[in-house]
Amino acid sequence: MLQTKKYQFWFCTGSQDLYGDECLAHVAEHSKKIVEALNASGNLPYELVWKPTLITNELIRKTLNEANTDPDCAGVITWMHTFSPSKSWILGLQEYRKPLLHFHTQFNQEIPYDTIDMDFMNENQAAHGDREYGHIFTRLGMERKIIMGYWADPAVQKQMGSWMRTAVGVMESSHIRVMRVADNMRNVAVTEGDKVEAQIKFGWEIDAYPINEIADAVEAVSQSDIDALVEEYYSVYQILTEGRDEKEFRRHVAVQAGIELGFERFLKEKNYQAVVTHFGDLGSLKQLPGLAIQRLMEKGYGFGAEGDWKTAAMVRVMKLMTAGMKDAKGTSFMEDYTYNLVPGKEGILQAHMLEVCPTIADGPISIKAQPLSMGEREDPARLVFTAKEGPGIATSLVDLGDRFRLIINEVDCRKTEKPMPKLPVATAFWTPRPNLKTGAEAWILAGGAHHTAFSYDLTAEQMGDWAAYMGIEAVYIDADTTIRQFKNELRWNSAAFCK
Ligand code: MN
């Protein structure tokens, strides 16, 4: 489900024919070596493809248009080894439509003090060639990422790898289709939004289906398929009947198995990769999808509760950006629930009624069946666990009426001081940076929602770059945030983003 295309990135080196064939031969040789080393480094999640040196306006334009039409190309990485007059790039860049990384590097790490002469200087002049090149993006007002540093430095390579994931998030965003099988919860503002604008900005297709169409798909799942999946659940998860009758418990779990299979088949058949539900709009479903939604999220589907299609799509985007990541710690839909305000132990208990993704789980996962305090259905079965420790990011995409804003908060996840044996839901516990007081105040000032798309595996920089490519506002709440500065930033952004 999270399998993206075998994306590639093109490595294009810019130069010109002023310095003779020997110099151009060196340029090609050097850039090939860099591509080989980067591919062999293990720090890039996607393959780099070397392209012949771009030395004329025509070739630049042709190459960038080929990048546009190659479905496997997720972006172009450019570097001016020598000097490439940037007027040569105007037409090509104006026609280019994919993410672009300006890799500001140099083939040699150290100045060769004993041997350096003017030929060497002309051959290795990214320090000024890349400035000429960078100028034209600024003049054109084009979004691009700049990474500066020595190409063999693992930290620089990892930064390039992170950017590749952002670029894939940009490319994949316009393939996300969100199925709404329930409308937004009545009277709630923050889960609403302009779906037309979301398609214009992000490429998301957001469609509604009657709840009973998907409930019919659940009804159509065979008993043998349900039994097989229940067996799988019982082999993978701990079963906490907590005094309930074992047969009755299994029947409750079986309802979720039917929902998982029915939902997944319906989503696949109709080609949707994210879904929303609403506890108040369940049609003929016997339980609020809990365990079922948790498993679908684990497989890579986006999800938002109470009709929250924006968060559903964001969860999907962020899962795609982390696809194939070694040692990934997880990405989930999440909700700010309850505070701990004890000095020195401040934090926010994160949970939802049921729907937290098991990818963020630390340690064993259990199944419980418990009543919901809301709604009027059977007690839904759900997966219960606590989340991993470590830094992560919580994001909230809000519609401000005249624009979207992405709020990105760096948070530190910890274990709660004590277990919570009576709480029958999966939880995380985090402290927002710079601290709970400032973090929560800034979040509320920015209009951030109670629902978030959370990940351990992405950085604020990646999400901010994604937002920039989408042409929307992003604000960061992190260790550097002060309220005075943040309020000014919101004010200035209002001026910058007004239509
Ligand atoms: Mn909620």
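This is a predicted model: local features need pLDDT of at least 70, side-chain atom pairs count only at pLDDT 80 or more; totals for chains, interfaces and linings use all residues.
Does Glu306 count as buried or exposed, and at what relative accessibility? At 7% relative accessibility, Glu306 counts as buried, because the cut-off for buried is under 20%.

Glu306 sits in the loop that runs between strand S10, residues 302-304, and helix H12, residues 309-321. Its phi is positive, about 55°, and Glu306 is not a glycine.

Now the metal. Which residues coordinate the manganese ion? They are Glu306 and Glu335, each through OE, and His352 and His451, each through NE2, at 2.1 to 2.2 Å. Along the sequence, the spacing of these donor residues reads E-x28-E-x16-H-x98-H.

Next, Asn271. Here phi is near 65°, again a positive value in a residue other than glycine. Asn271 belongs to the loop between helix H10, residues 246-270, and strand S9, residues 274-276. Is Asn271 buried, partly exposed or exposed? Asn271 has a relative accessible area of 43%, so it is partly exposed, the range for that being between 20% and 50%.

On to another backbone feature. Which two residues are joined by a cis peptide bond? The answer is Arg433 and Pro434, with omega at about 5°. Pro434 is placed in the loop between strand S17, residues 428-432, and helix H13, residues 436-445.

Last, Ser88. You will find Ser88 in the loop between strand S3, residues 73-80, and helix H3, residues 90-95. Ser88 has a relative accessible area of 15%, so it counts as buried. What lies 2.8 Å from a polar atom of the Ser88 side chain? That is the backbone oxygen of Pro85. Leaving aside residues up to four places away in sequence, Ser88 touches Asn57 and Ile60.

To recap, look for Glu306 at the manganese ion, the cis bond between Arg433 and Pro434, and Ser88 with its polar side-chain atom 2.8 Å from the backbone oxygen of Pro85.

Methods: Residues are numbered from 1 along each chain as its sequence is written. Side-chain values use heavy atoms; hydrogens and water are left out. Helices (H or I, at least four residues) and strands (E, at least two) are DSSP runs, numbered from the N terminus. Buried means under 20% relative accessible area, exposed over 50%, partly exposed in between (1.4 Å probe, protein chains only). Donors are N, O and S atoms within 2.8 Å of the metal (3.2 Å for Na, K and Ca); water is not among the atoms, so sites may look incomplete. A polar contact is a pair of N or O atoms within 3.5 Å; within protein, one must be able to donate a hydrogen and the other to accept it, and residues adjacent in sequence count only if both atoms are side-chain atoms. Contact means heavy atoms within 4.5 Å.
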